[in-house]
Amino acid sequence: MVPMSAVPPRDPGIIDLPPLPQATLPLWDVVPARARHYFHHDPDRGAYTTRRYEFGSSLELLPLVRAFLNTCAAHRDADYRHLFTLLGSELVNNALMHSRSGRPHGRYTLTCRRRSSGLHLTCTDQGDVSGRTTPAGETHPLAPDPRGLDFEAEHGRGLAMLDALATGWGDNGIADLRQVWFFLAYDLTDNRWTQAA
């Protein structure tokens, strides 16, 4: 039995609240009106230079992520849109699995820059899930798992796919605020994606 003197006094201003119930909302309702065109697949909308959107950690937001990615590539053909969305989804999966962005109340940002020859996507997360930091002046870039594309592989597919299918990719090498990016050229003629058939 714990003596009463060992129990800290309870703050009378703090009330234990019961857990909130789950609610189902249309994803459209969580997007501010000023950003709705980021999620509406309309190739006739005016050209953009940069699109940036911050997403929460909930897995239920992944369809919204895919809508954002697909809309960024709406001006391209279906093959390009599919590949861009696939690779962008892998960046997001890595942020959710390996960074604090995947924890409750976590966040990550997707930034798409439209270039004359392709799309450049950056995913900025909230840092390594273990809290590991990178000393000032040092970088520790990510590397793909050489067995990541094996059918039996249980992990390591995301970076291996980026390495195999993106025109170029990399990261800032800073564990406490990781920025992973890829560039996908519009011309997929020499891309393994189009040669796999």
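Select Arg51 and Tyr48: Arg51 lies over the face of Tyr48, at 4.3 Å from the ring centre. A charge counts as over a ring if NZ of Lys or CZ of Arg is within 6 Å of the ring centre and within 35 degrees of the ring normal. The model is predicted, so local features need pLDDT of at least 70 and side-chain atom pairs count only at pLDDT 80 or more, while totals for chains, interfaces and linings use all residues. Residues are numbered from 1 along each chain as its sequence is written, and side-chain values use heavy atoms, with hydrogens and water left out.

Next, select Arg76 and Tyr186. Here Arg76 lies over the ring face of Tyr186, 3.9 Å from the ring centre.

Now turn to the aromatic rings. Rings of Phe, Tyr and Trp (its six-membered ring) pair if their centres lie within 6.5 Å; planes under 30 degrees apart count as stacked, over 60 as edge-to-face and the rest as tilted. This rule gives ten aromatic pairs. One of them is Tyr38 with Phe68, edge-to-face at 6.0 Å centre to centre and 65° between the planes. The two residues are 30 apart in the chain: Tyr38 is in the segment before strand S1 (50–56), Phe68 in helix H1 (residues 62–72). Helices (H or I, at least four residues) and strands (E, at least two) are DSSP runs, numbered from the N terminus.

Colour by accessibility. Buried means under 20% relative accessible area, exposed over 50%, partly exposed in between (1.4 Å probe, protein chains only). Tyr38 is buried because its relative accessibility is 16%; Phe68, at 0%, is buried too.

Select Tyr53 and Phe55, an edge-to-face pair with 5.0 Å between centres and 65° between planes. Tyr53 is buried at 12%, and Phe55 at 1%.

Finally, select Tyr38, Phe39, Tyr53, Phe55, Phe68 and Tyr108 together: they form one aromatic cluster.
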